Amino acid sequence: MNAERRMMNAWQEARGERLWEKIRLLALTLPLVCLSALAATTGIAAAQQALAPPQNLRVIDTPSDAGGGLTVLWSKADYDTPNVRYQILMLVSSTTVDCHDKAPDVCYQLLMDEGAAKRIEKRMVADFPANSHYVRDVKWPWWTRVDRPDVHQFNLKSGRGLEMKNGTPYAVTVAVVNGTERVEAPPVQAIPEPNWFNWNQINNLAIVVIFGFVVLGSIQAAKRKEIFLRRIPGLDAVDEAIGRATELGKPILYLTGAGDMSEPSTVAAAVILGRVAKRVASYETELMVPHRDPIVMAVCQEITKQSYLEAGKPDAFKEDSNFFITTDQFSYTAAVDGIMLRKQPAANFFMGSYFAESLLLTETGASTGAIQIAGTDSDHQMPFFVTTCDYTLIGEELYAASAYLSREPVQLGTLRGQDIGKACILVALGLGTALATASVLLHADVSLVLDLVKDWK
Amino acid sequence: MSFAERMLHIDRRIIFLLIGLCTLIPLLYPVGLAIKVSPEVKSVYDYIESLPEGSVFLLSLDFDPASKPELYPQAVALLHHAFKKNLRVIGMTLWLPGTGMASEVVSRVAREEGKVSGKDYVFLGWSPGGGSVIINMGQDLYKAFPTDYNNQPTAELPVLKGVQSLRDVNYVISLAAGSTGIETWYVFGKDKYKFELGGGCTGVIAPGLYPLLRSGQINGLIGGLRGAAEYEVLIGKKGKAVAGMDAQSATHFAIILLVILCNVFYLLIRTSKNRAEQNRS
Amino acid sequence: MTFLRRQLPLLITLVAGLLFAAQYYIPHPSSELMLTSVSKWLQIIGGFALVLGVTSLFHIHAVKIRRKEPGWGYSFVLYAAMVGTIIAGLSPDWEQFFRAIIDLILRHKSAFRDVQWAAGQEIINGHMTPFGWIYNYMMVPLQGTMFAILAFFIASAAYRSFRARSREAAVLLIAAIIVMMGRVPLGEYLIPVSGDITQWILNVLNASVRRAILIGVSLGAVALSLKIIFGVERAYLGGGKE
Amino acid sequence: MSFEVILGAWVATGLTLFILTFLYQDNPLFKLAEHLYVGVSVGYAIVKTYDTVAVRLIYEPMIKQGDWSLLIPLGIGTLMLTRYVPKAAWMSRIAFAFVVGVGSGLAIPRVISSYILKQIEDTVRPLVALATDGNATFTYSLLNPASNLNAIVLLIGVVSVLFYFFFSVEHTGPGKAVARTGIIFLMIAFGAAFGYTVMARMSLLIGRLTDLIEYAQPQYGRATWWLLVITIITLIVFHARRKGTEPPQ
């Protein structure tokens, strides 16, 4: 393993200057030179005592990280009990060899001196009970595990008090301590490197790719053939309200909310306005649409005109049924409240996004005895709409109603794509819970499936 | 018009008056009912309590004057607690209209606790971009905010010594009045830079944050004026929030009463209408 | 030209979108560097976006004043308030400024370098600037009261229109009453269990619904982002006309 | 107390009362305060943006530290402003394309991580617990959000609400029951939101009234009382004048 590492490094450095290469190799081997003596002494100590040093010690660059991290692995042992402790030691030079802006030959000499003076010490970076820090305890999914679950694993990360530079070799060893007994494994070196892909997050990426295909595919499918969408009950309520207004011979008030045309809820409100206008035209009822945004007004005017045309009543269309009031939140509200009180509309529609003004509007509407239908994705206003209106299209129902009416492939396809996503999540929730429960009852390991729907870093 | 209908059509300004009085009278003549502390608030308190002296605590005051009555008392209580614990305090805001208020509250509480700007605490001010600010702070705090609000270079401030980036911050609390706040701090901050995150928020957005609380994405939640009052109780320094709790009780009961009355009248009207229809048929 | 106008924006969106989506999965420092520098840019662009928002407000009220539409006087008030705030925010410390002018006239020595500029500071050396005064005594109470009036309207709506029109609305009102009780000391004092029930509603029932809504909305957000990146959704480019 | 503080108290009180007059009806005093509010807020935003963006984020790093890469965002920002030049308006699309593209790219993986995977992860829980003796038990405590009973309730809530917003199948048969459960859950959550919103709005009122009470003190010259009287008189005058000019409806 070590040899492999060194070979890899040698290969990596082959492009660099030869002297730098030498320094690097020296830096690699330097701790080992110094340690051979140290290891010899501890080796003797170990022979006198019963404790065996940690076996099969390996140190590797931590995979899927931004660099500055090493992963230490060693086999489990018979003495893995809470009373025995493991210590992770890093070999550091007590004085720093600063090769920064020095000529390579000077630096080489400095390193040689360092080795000769044996100013290398072992610094303890972690100390923990021997029955902890297994591969299974590390928060990595099964597909990035570096070894079997019962092997010990400790992750070293550069931080305060432990500086690790990318591309610099570090030697690490593990000691086992039981009371006064203490043995060490021979140190192993590795070089922390930054990585180009975080394999822990491959499930996240897979979801993005699959969901992307599902959504874009559904849109394509919707262009080719009809997509089934269940009937939205709120739309029946819309028709009913228009019917009642006609019976009473009173006007209908329709609001498109506070948003501009870039908000999906405003677009949905405009689409539903088309439907309402068509009905209104065929019954020849009066329609009033006060606006807060000039662009939304222009769009809605077009839609209304088109609806009257489709209903075969182009003469009944009035240019001023859509009118602009003001952009100011509360002035607009006061004006609309005034209209409600004066004209006493039989039905009020509140579609689109709303803010604090929702309550002021719906309360006045309710006090005039009008049928009120709301549809919004502003979830903070939802409670007020539900309690003051006769029917409320909640959140995505508004988009669904709009897609149902417009039959536009992009809207329909998106809705279908999201439905497929939801179905997958429902399956994941059901299956996941069943497996998690089974794992407790049967003491089985179910991480093979559960890890797929977890958030990894 | 029946009695119930007439009652439902009384001038709403009478109700305005009622609610005004329900707020005003308890404020002038407080009762001081006991306030029970909820676990969400307690966990924020416990976490600050567990931090050793000199830990770095970042308070992001992500609200505007519209939410001042709810979040300002939270900020005061949290700052008192942090300064009492001798934490190093970093104040900032992601909301432009709140900058002046945030600067004022941090420096005022610091003065009351005898803390010095630059040495014990720093106020960084506002920067545009929401999540982008957090990303930049996560990489290099000195570059994201080259100077603090008083135009002092951040890299030279003793309070920020060793605080290169958000990775060196121990605890972040965002006091949020909207979605740029706790959620932003989680998605662009905690998720990557691994500090612990707590939240304080207005009553309007509090229910929406419970999924994040349950999954441990935030470790505690101080909700609205009530949350602030609980925190004031915990640190034993009763302020504006505790003082407002009696008025809060009174107004809530007034609203409950009004809702019940509304529904009683509504039922009366409906049954009498039904009866009338039955008689007709 | 059509390429510049139509395809180029779509291409930029595609490349930028894919690049920054991919960035999330790449832990390498160079990818971090890219993210940091672009977020720095976004901060600055965010400032321009604000200018954009302000300009449309300017426009609406300028038209009102020019055409002398009803209520144009209020638009004028709006302008005056805005200009006043800007002047206060960018003005120097007047006392020092005048002293510098006097110095210049009397002693022919420029002391303008020492003049403190408010530069958007509410407090300088412990003193409130005019800008700070406008903020503290105008903006804060105005904005605060704007939303406080809603308290009254909630009360009136509670009495006049929060009706249990359906079984669903009845469930909503009952839950609301419990939460209103459980979140104030008087409620907990009168019915001690209301606090615990409120906790349960918030932590379990409310959390589950909010979680489902969050998942649904997030799926929608991801779908929208994907559509934008692949050019299916182009509404953000504004207007149908080239 | 200094003059500026007392003047401030009077102005703040006056503006607060002007806005509260909206409760009586929409009137010129309210409109005045509303427009002042918008004006001051915009002015404040302009000053802060100038100070933070132009000075601290652009001028200082670019001129003082020579970070010329900032010319790129400056260029993109300028492109954005071409929206107001009809002939060059198409160029603003390039800027929007960049901003929206980056924003969408940033959002996708993060939304999936924080709001989908993390939420699923926390919902998927074993429905039985492991007792200390290694046997499976069932915990009932409603107050502990992590108990098994609550895990079941949470799961039912999430599943039924997700199903309610499922548009590809009709809500009939067992689907109807699930959707009904979903709507009941939704209503309870909206009820909680309702209660919390009431709390929030009342808190705001309490905050404003606390200030008004403070400004009614003698050291502020009893600003609240005087201004209250002035406001009421003004309202009456407006009312009388409007009655005189407007034809009765």
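Modeller: A residue counts as buried when its relative accessible area is under 20%. By that cut-off, buried residues make up 63% of the 281 residues in chain B. Keep in mind that this is a predicted model.

Start with chain B as a whole. Its secondary structure comes to 11 helices and 6 strands. Its C-alpha atoms fill a box of roughly 85 × 40 × 30 Å along the principal axes. Take the contacts in chain B between residues at least 6 apart in sequence: 75% of them join residues at least 24 apart.

Now the sheet. It is open, has 6 strands and shows parallel pairing. The order in chain B is E3-E2-E1-E4-E5-E6. Strand E3 (121-126) and strand E6 (221-223) of chain B stand at the edges. Each has a single partner strand, so one side of each is left without a neighbour in the sheet. From one strand to the next, the twist averages 15 degrees.

Look at one pairing within it. Strand E4 (residues 171-176) of chain B runs parallel to strand E5 (residues 196-201) of chain B, and 6 bridges join them. Leu175(B) has Gly200(B) as its bridge partner in E5(B). Helix H8 (residues 182-193) of chain B packs on this sheet. H8 touches strand E1 (56-62), strand E2 (88-93), E4, E5 and E6 of chain B. The direction of H8 makes about 165 degrees with that of E5(B).

Strand E2 (residues 69-74) of chain A pairs with E5(A) over 6 bridges, in the antiparallel sense. Val72(A) has Phe154(A) as its bridge partner in E5(A). In both kinds of sheet, strands pair through backbone hydrogen bonds, either parallel or antiparallel.

Chain A as a whole comes to 13 helices and 14 strands. Buried residues make up 52% of its 457 residues. Of its contacts between residues at least 6 apart in sequence, 72% join residues at least 24 apart. Two charges in chain A sit over rings. The charged end of Arg136(A) is over the ring of Tyr134(A), 4.4 Å from its centre. The charged end of Arg407(A) is over the ring of Tyr404(A), 5.3 Å from its centre.

Next, the aromatic rings. A search of the whole structure finds 39 aromatic pairs over all chains. One of them is stacked: Phe58(C) and Tyr79(C), at 5.7 Å centre to centre, with 15 degrees between the planes. Phe58(C) lies in helix H2 (residues 29-66) of chain C, and Tyr79(C) lies in helix H3 (residues 72-90) of chain C. The pair therefore ties together parts that are 21 residues apart in sequence. Phe58(C) is partly exposed, with a relative accessible area of 32%. Tyr79(C) is buried, at 19%.

Another pair has the edge-to-face form. The ring centres of Tyr164(D) and Phe165(D) are 5.2 Å apart and their planes stand at 85 degrees, so the pair is classed as edge-to-face. Both Tyr164(D) and Phe165(D) are buried.

Leu57(C) is partly exposed, with a relative accessible area of 23%. Leaving aside its neighbours within four places in sequence, Leu57(C) is in contact with Leu78(C), Val38(D) and Val42(D).

Last, a helix of chain D. Helix H6 (residues 174-215) of chain D has 42 residues and should span 62 Å at 1.5 Å a residue. Its end C-alpha atoms are 62 Å apart, which agrees. Of those 42 residues, 32 are buried, so H6(D) is largely enclosed by the rest of the structure.

Technical notes: Residues are numbered from 1 along each chain as its sequence is written. Chains are lettered from A and ligands numbered from 1 in the order in which they are written. This is a predicted model: local features need pLDDT of at least 70, side-chain atom pairs count only at pLDDT 80 or more; totals for chains, interfaces and linings use all residues. Side-chain values use heavy atoms; hydrogens and water are left out. Two strands pair if DSSP finds at least two bridges between them. Helices (H or I, at least four residues) and strands (E, at least two) are DSSP runs, numbered from the N terminus. Axes are lines fitted to C-alpha atoms, for helices over the stretch in contact, and angles run from 0 to 180 degrees between N-to-C directions. Contact means heavy atoms within 4.5 Å. Rings of Phe, Tyr and Trp (its six-membered ring) pair if their centres lie within 6.5 Å; planes under 30 degrees apart count as stacked, over 60 as edge-to-face and the rest as tilted. Buried means under 20% relative accessible area, exposed over 50%, partly exposed in between (1.4 Å probe, protein chains only). A charge sits over a ring if NZ of Lys or CZ of Arg is within 6 Å of the ring centre and within 35 degrees of the ring normal. The expected span of a helix is 1.5 Å times one less than its number of residues.
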